[in-house]
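Me: I would like to work through the aromatic rings of this protein step by step, with the reasoning spelled out. Could you take my questions one at a time?

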Amino acid sequence: MSLSGARYTSSTSISLADGWSFERLTPPSRLFGANGLRTGPDGRVYVAQVTGSQISALDVETGALETISAKGGDIIAPDDLAFGPDGNLYATEVMDGRVSVRGADGRSRVLRDDLPSANGITVHQGRLFINECRIGGRLMELDLAGGAPRILAEDLAMPNAMEVGPDGLLYYPVMGTNDIWRIHPDGGEPERVAGDLGVPDSVKFDAEGFIVSTQVHSGQVLRINPRNGDRTVLAQLEPGLDNCTFVGDRLFVSRFTGEITEILGGGETRTTLPGGLTWPLDLTVDAEGNLYVADGTFFYLLPRGGGLQTLGMLFTPNYPGFARSVQAVGGGEFIVGTASGTVVRWRPASQESEILAEGLDQVYGVAVAATGVIATADFGTGEVLLVRSGGQKEVAASGLSKPLGVAFAPDGTLLVSESGAGRVVAISGSKVEPVVDSLSDPQGILVRGGRLYIVDAGSKELISTDLSGNDRQTIAGNLPLGAPAGVIPKPLRGMQPFSGPQGPFAGIDAGPDGTLYVSADAEGSVLALTHAG
């Protein structure tokens, strides 16, 4: 079988088997999320990317991006940033509970590693302040010489990105109580500044000394008078805003999707950097041929020929949680596996969710049998579980090596990709038998038309066999899957209460016309592969 070449815009060559073609349904993402923003001494906007696990610098005039701290580097899952007077870059690493500093020479070191959910950070007159975005979080000053932190406030309900105002007081939003507070950097009694907001997650100040704050739930950018709490809406954007920064008198805000937007006068906005998928994991197609994408904090409908339509996100009422895997089951319902260790039945139209199983370790693939039984792979325990009506759980297999994908064959046999063993196995009764081996890192699997399709993120291939593991074919090679060459990603431990550990999962599904859809996590896109026959 010969392979013919094809190109996509990230300049990586995809190899396709004869008769196959592909289309990218979403453009590659330029940023894998956009969280903390801070204007650097060079006038560029520095962007922390939690799920992308890197820091980039954006030139707002040219749109040029430079990677400052790469994925696989010393700084893991950065959430917020601040610069010291000497040019040192400080970053909170929310999933590892650390604060690190990156010097002008590019070297990084850890200042502290005992700060659960370390998030908001700012520097004032050479003093470093951070907080912990968790229930019971603390606000504190860190000793740059390594001494014990000085606690300013504690038992806070998820504080976030903060800043010292022109009055010399430290202002911080508290997401869990939906308000903004201030305190003297030397300590004292905190004072509530404004409440009943749209879940504020950042505070900065404009040239006139007014608070500017992004609202993650409402999508509003607010300007708040710190003297009396009066507010005006500078812009109404989509939910999922994260942070903001000024470049001179120009205001820029970030969104979880990787979008950077400039806020203009009169409620007008301008996209500086378009957003996209930040970490496409699983995807599913319903009986009508509609394609849905689980992108962690977002869940999208992706109509053919159209753009992404948000059906839910992390702050939508009754959103199931950080979504790793999904299967449409009809009637606008989905079975979702989450990074919180749950399997959930979710109805986005009515914002209803029902937990079917909980207390699992690391849920990945989900599949629903014709009988209605749900199968799911628990990567952490090495088990494959069956969830029956009423939430009854049954261990179908144990002792597997990092199971990820699950799928049912027409006869009810359960197939599982064992990423740690490099194989796909069949589970029937108490038997676990290999079907396909000599794989690198098999993840999503699919059974359609008597064929088994396997997304191998290690070899970056889409592979097809019959259900006995014979007639093995490589449909596509050099797919944008997994980490870049030479990069070994550091584990993402997750961020409570939003998610447990976060790891890669490249899903696959098929439409009624036989089109194969693959989530390409390396570039943040969805690929559609079709055969001429």
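Predicted model: local features only at pLDDT ≥ 70, side-chain atom pairs only at ≥ 80, totals over all residues.

Me: What kind of aromatic pair do Tyr292 and Phe299 form?
Reply: The ring centres of Tyr292 and Phe299 are 6.1 Å apart, with 15° between the planes. Planes under 30 degrees apart count as stacked. The pair of Tyr292 and Phe299 is therefore, by the cut-off of under 30 degrees, stacked.

Me: Which residues form one aromatic cluster with Tyr292 and Phe299?
Reply: The structure holds 11 aromatic pairs, and Tyr292 with Phe299 is one of the pairs. The cluster that includes these two residues also takes in Tyr319, Phe334 and Trp346.

Me: How many residues apart in sequence are the parts that the pair of Tyr46 and Phe83 ties together?
Reply: The rings of Tyr46 and Phe83 have centres 4.9 Å apart and planes at 75°, so this pair is edge-to-face. Tyr46 belongs to strand β5 (residues 45-49), whereas Phe83 belongs to strand β8 (residues 78-83), so the parts tied together are separated in sequence by 37 residues.

Me: Which ring does the charged end of Arg223 sit over?
Reply: The charged end of Arg223 lies 3.9 Å from the centre of a ring, and that ring belongs to Phe210.

Terms used
Residues numbered from 1 in each chain as written. Heavy atoms only, no water. Phe/Tyr/Trp six-rings, centres within 6.5 Å; stacked < 30°, edge-to-face > 60°. Helix = DSSP H or I, 4+ residues; strand = E, 2+ residues; numbered from the N terminus. Lys NZ or Arg CZ within 6 Å of the ring centre and 35° of its normal.
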